[in-house]
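Good morning, colleagues. Please have the sequence and the structure open while I speak.

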Amino acid sequence: MTATLLDGTAVARTIREELAGQIRDLSSRLKRPPGLTVVIVGENPASQVYVRMKHRACQEIGVASEVITLPAETSETELLATVARLNADPCVDGILVQLPLPRQISEPRIIEAIDPSKDVDCFHPVNVGLMAVGQPRFLPCTPAGVVELLRRTGHTTQGKRVTVVGRSNIVGRPLAIMLGHRGPMADATVTVCHTKTPDLAAACRQAEILIAAAGVPRCVTAEMVAPGAVVVDVGVNRVDDPASERGYRLAGDVDFDAVKEVASAITPVPGGVGPMTIAMLLTNACKAATLH
Ligand code: NAP
């Protein structure tokens, strides 16, 4: 069997087209476009790529996007001052501080300083709490992207056994919480795996929907996947590749070539969850603009 491809690029394009109309309406109502400001500290190459992609996506769709680039030696006090200025700016609807931050800056302190009504990443504890109790203001971008990709490709999670590999605050944990809620794109029986899970392969094999978010290239092999399972690969890992001009290439957490012969549907990397994450960020930026 060769799995159907869950094409995140195509689904994200559809979402962006839907959002374009909403953005036009919002812009005429607000007398300005919705505004998203992304703050990047330092020169992490992967962060720079992500920020560029977010900026371009905003520009294409009519969201006013500003990127503030701060040097790697920026102090926590300086970054807090930047966040406070953005909190107070009525033209800034959404604020995103790109993670990871340099060592001298506490990520939780910065996240907590962002006005929760501008927290388009949905990382602020107030927004995480609202999401956890089923009253979301925003949904976290990557977990929401996974759920929306499944929904728009005709895969419900209701009543399904779902295994999530990874329990980070950004992907695995919020995704597990969302899938455990009531509703057609929830109502799953969720197993969450991590580095202390004694038999990862068995936990994966029991899944009708398997979501890999471990950050370990090709850690999900064909033997770990039940025949006919739906496999979502969140992983984006740089692996050395001397044959490539850049010296590396991107690999997911799933051994794509082998797993596609076992699964019924699978996301590619790139072109799966990545574009969906950006589409959900744009969705959150529009939502934020309606809150002000
Ligand atoms: P993270 O913070 O490093 O968390 C990784 C999680 O996976 C942890 O909970 C860890 O367990 C678990 N894990 C690691 N190795 C494992 C193993 N061998 N077996 C079982 N569990 C294991 O990473 P993250 O931020 O969640 O990101 C995960 C991956 O998704 C990365 O490749 C990242 O680049 C990618 N990502 C993609 C997008 C996108 O838009 N496509 C967005 C965000 C992240 P412990 O808790 O026990 O350490």
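Predicted model: local features only at pLDDT ≥ 70, side-chain atom pairs only at ≥ 80, totals over all residues.

Just after helix 1, K31 adopts a positive phi of about 65°. K31 sits in the loop between helix 1 and strand 2, which spans 35-41. Its residue type is other than glycine, and its phi is positive. As background, most residues other than glycine have a negative phi. Is K31 buried or exposed? With a relative accessibility of 74%, K31 counts as exposed.

Let me step back to helix 1 itself. Helix 1 covers residues 8-30, 23 residues in total. From its first C-alpha to its last it reaches 31 Å, close to the 33 Å expected at 1.5 Å a residue. At its start, a side-chain oxygen of D7 comes to within 3.1 Å of the backbone nitrogen of T9. The buried positions of helix 1 are G8, V11, A12, I15, L19, A20, I23, L26 and S27. Against which elements do the buried residues of helix 1 pack? They pack against helix 2 (45-61), helix 6 (141-152) and helix 10 (273-290).

After helix 6 comes G154, with a positive phi near 85°.

Helix 7, residues 172-180, is the next element. Its buried residues are G172, P174, L175, A176, M178 and L179. They pack against helix 5 (125-132), helix 6, strand 5 (161-165), strand 6 (189-193) and strand 7 (209-212).

On the domain level, the domain assignment of the protein gives domain 1 as 30-115 and domain 2 as 141-273. The centres of domain 1 and domain 2, taken over C-alpha atoms, are 28 Å apart.

I turn now to the ligand. Which of the 20 residues around the ligand come nearest? They are R167, S168, T195, V236 and T277. Helix 10 supplies the largest share of the shell around the ligand, namely three residues. Several polar distances can be given. A polar backbone atom of V236 is 3.0 Å from an oxygen atom of the ligand. For N237, a polar side-chain atom lies 3.1 Å from an oxygen atom of the ligand. In the side chain of T277, an N or O atom is 2.7 Å from an oxygen atom of the ligand. Taken on its own, the ligand has 930 Å² of accessible area, and the protein covers 70% of it.

Next, the loop between strand 4 (94-97) and helix 4 (107-113), where Q98 is found. Q98 counts as buried because its relative accessibility is 7%, under the 20% cut-off. What does the side chain of Q98 make a polar contact with? The partner is the side chain of K54, at 2.8 Å. Setting aside neighbours within four places in sequence, Q98 is in contact with V39, I40, S47, Y50, V51 and K54.

P100 lies in this loop between strand 4 and helix 4 as well. L99 and P100 are joined by a cis peptide bond, with omega about 0°. Another cis peptide bond joins V269 and P270, again with omega about 0°. P270 is located in the loop between strand 11 (265-266) and helix 10. For context, most peptide bonds are trans.

Phi of C122 is near 60°, a positive value in a residue other than glycine. Is C122 buried or exposed? C122 is buried, with a relative accessible area of 3%. K31, by contrast, is exposed at 74% relative accessibility. Thank you for your attention.

Terms used: Residues numbered from 1 in each chain as written. Heavy atoms only, no water. Helix = DSSP H or I, 4+ residues; strand = E, 2+ residues; numbered from the N terminus. Expected span 1.5 Å × (residues − 1). Buried < 20%, exposed > 50% of the residue type's maximum accessible area, 1.4 Å probe, protein only. Contact = heavy atoms within 4.5 Å. Polar contact = N/O pair within 3.5 Å; in protein donor to acceptor, adjacent residues only side chain to side chain. Domains from an automatic or database assignment. Near = heavy atom within 4 Å. Areas by Shrake-Rupley, 256 points an atom, 1.4 Å probe, with all protein chains shown as cover.
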